[in-house]
Amino acid sequence: MPAASASAAAPASVDTVHLSATPAPSPEPTSDFTSTFTVSGIIKSGDEGVADVDVAVSGNGFDETVSTNDQGRWTVNVPEAGTYTVELDESTLPDGVALRDGTEASKEITLAQTNSVSVLFPTGEDTRQTTGFGEQLLIRIVAGLNFGLLLALAAIGITLIFGTTGLNNFAQGEMVTFGAIMSWVFGVLLGLNIVVATIVAVLLGAVFGYLNDAVLWKPLRRRGVRLVQAMVVSIGLSIVLRYVYLFNIGGQTKTMNVGLSTPVIIGPLRLTVATLISMGLSVVVLLAVGYFLTRTRIGKATRAVSDNASLAAASGINVDRIIRIVWILAGALSALAGVMFALYRQVSWDMGFQILLMMFAAVTLGGLGTAFGALIGSIVVGLFVELSTLVLPPDLKYASALVVLILVLLVRPQGILGRRERIG
């Protein structure tokens, strides 16, 4: 009986040994954050993988070094989400293989929205295309013209309001934001054609301008509110509108996916259909505004009110009616500028506030109260903002425009097209 038991136990013992020698399959990574997080990559020289290169992954109390396999691949499982440092040991690269110019041997990665991150260390000669100074200059000039034209659409509204009422409207940026939001609502959320959405946004912008004057500014004018108090009211209105937008659309940037992002390559320039349309439309609208101001009766009356409101009223011009028309026109132009900026830089709740100083810089530079001065000032500001990035960090480009404004005003205080006025 003991012998039988031993003989029966022997096969079981052999099977147990056999099973323990078979490696267990590694679990498949899942999208659940409680499972294993993976950092991986591949190192190649040309089309061939580079073997036996050491890569270290460290962070959150974790540190592990692995070597690439025959295909140049490496994988490290980390215990949790977080920020990790991935470092390639360049001394383990074979002779004749080096990191590509400009590639760092150490990179920082974050595992948060995904449980797998791929890290690449390109090797060999740097084949990235570079552009010469002449091409960069041309690219910046076109970008500056585009930005300047868009700025002019909004800035003309500021200068028309100032010319007819004397008010510096600090809520003009929110009128731009209003047009951008309306184009996003009708063009993206409701799925209307972008042309239809633009027309609707401009019409609503005109209504918004009308309501601004009818509900707020006309009653304040009748009560004889001084310009300084009115300016403070416009600042308060700007803040209120900005946070109304934030409450309704949130703080995330909204993308204008309306099918106009197709690239158009013209020599060294890489533009989009949206950029070409916005530039062309801006030129047409600005020419139309110029014609309106110089050739129509209402335009001439607007210029008369801007020159001398009391004399215009004495000559039979209805000043309140002209001011109302100016507010409607400013609302429509600002809304159109908002649509163009939305196609150019996407939609956010404070996008108008971000360019408000640029708008005032353009108006002041061209000459307060003159529409054509606002156009010239906008082009100058747009060009200088973009051209300054050739020598300055991009973060300083808006500050550089304000420096130019200060320098020009030191030489010509009335602005480029402004008139000298006797003070005192």
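Biologist: Contact here means heavy atoms within 4.5 Å; with that settled, which residues is Leu153 in contact with, leaving aside its neighbours within four places in sequence?

Modeller: With those neighbours left aside, Leu153 is in contact with Ser282, Val285, Leu286, Leu333, Ser334, Leu336, Ala337 and Met340. Please keep in mind that this is a predicted model, in which local features need pLDDT of at least 70 and side-chain atom pairs count only at pLDDT 80 or more, while totals for chains, interfaces and linings use all residues. Residues are numbered from 1 along each chain as its sequence is written, and side-chain values use heavy atoms, with hydrogens and water left out.

Biologist: Stepping back, how many helices and strands are in the protein?

Modeller: The protein has 13 helices and 11 strands, where helices (H or I, at least four residues) and strands (E, at least two) are DSSP runs numbered from the N terminus. Of its 424 residues, 41% are buried, which means under 20% relative accessible area, with exposed being over 50% and partly exposed in between (1.4 Å probe, protein chains only). Among contacts between residues at least 6 apart in sequence, 69% join residues at least 24 apart.

Biologist: Now Asn169, please: is this residue buried or exposed?

Modeller: Asn169 is buried, with a relative accessible area of 1%, and its place is in the loop between H2 and helix H3 (172-189). Once neighbours within four places in sequence are left aside, Asn169 is in contact with Ile161, Met175, Trp217, Ser234, Trp327 and Phe360.

Biologist: And what does the side chain of Asn169 reach?

Modeller: The side chain of Asn169 reaches the backbone nitrogen of Ala171 at 3.2 Å, and a polar contact of 3.0 Å joins the side chains of Asn169 and Gln172. A polar contact is a pair of N or O atoms within 3.5 Å; within protein, one must be able to donate a hydrogen and the other to accept it, and residues adjacent in sequence count only if both atoms are side-chain atoms.

Biologist: Changing topic, where is Trp349 found, and which residues does Trp349 touch?

Modeller: Trp349 is found in the loop between H9 and helix H10 (351-354), where it is buried at a relative accessible area of 16%. Not counting residues up to four places away in sequence, Trp349 touches Thr177, Arg242, Tyr243, Tyr245, Leu246, Ile249, Gly250 and Gly251. Trp349 and Arg242 are 107 residues apart in sequence, yet their C-alpha atoms are 6.5 Å apart in space.

Biologist: What about Leu293, and which residues does Leu293 touch?

Modeller: Leu293 sits in helix H6 (residues 273-295) and is buried, with a relative accessible area of 4%. Apart from residues up to four places away in sequence, Leu293 touches Leu160, Gly299, Lys300, Thr302, Arg303 and Ala371. The pair Leu293 and Ala371 is 78 residues apart in sequence and 8.8 Å apart in space, C-alpha to C-alpha.

Biologist: Where is Ser388 found?

Modeller: Ser388 is in the loop between helix H12 (371-387) and helix H13 (397-411), and Ser388 is buried, with a relative accessible area of 6%. Leaving aside neighbours within four places in sequence, Ser388 is in contact with Lys397 and Ser400.

Biologist: Last topic, the backbone: what is phi of Asp52, and what is phi of Asn60?

Modeller: Phi of Asp52 is near 60 degrees, a positive value in a residue other than glycine, and Asn60, also not a glycine, has a positive phi of about 55 degrees. Most residues other than glycine have a negative phi. Asp52 has its place in the loop between strand S3 (48-49) and strand S4 (54-59), whereas Asn60 lies in the loop between S4 and strand S5 (62-67).

Biologist: How do Asp52 and Asn60 count, exposed or partly exposed?

Modeller: Asp52 counts as exposed, at 58% relative accessibility, while Asn60 is partly exposed, with a relative accessible area of 42%.

Key. Contact = heavy atoms within 4.5 Å.
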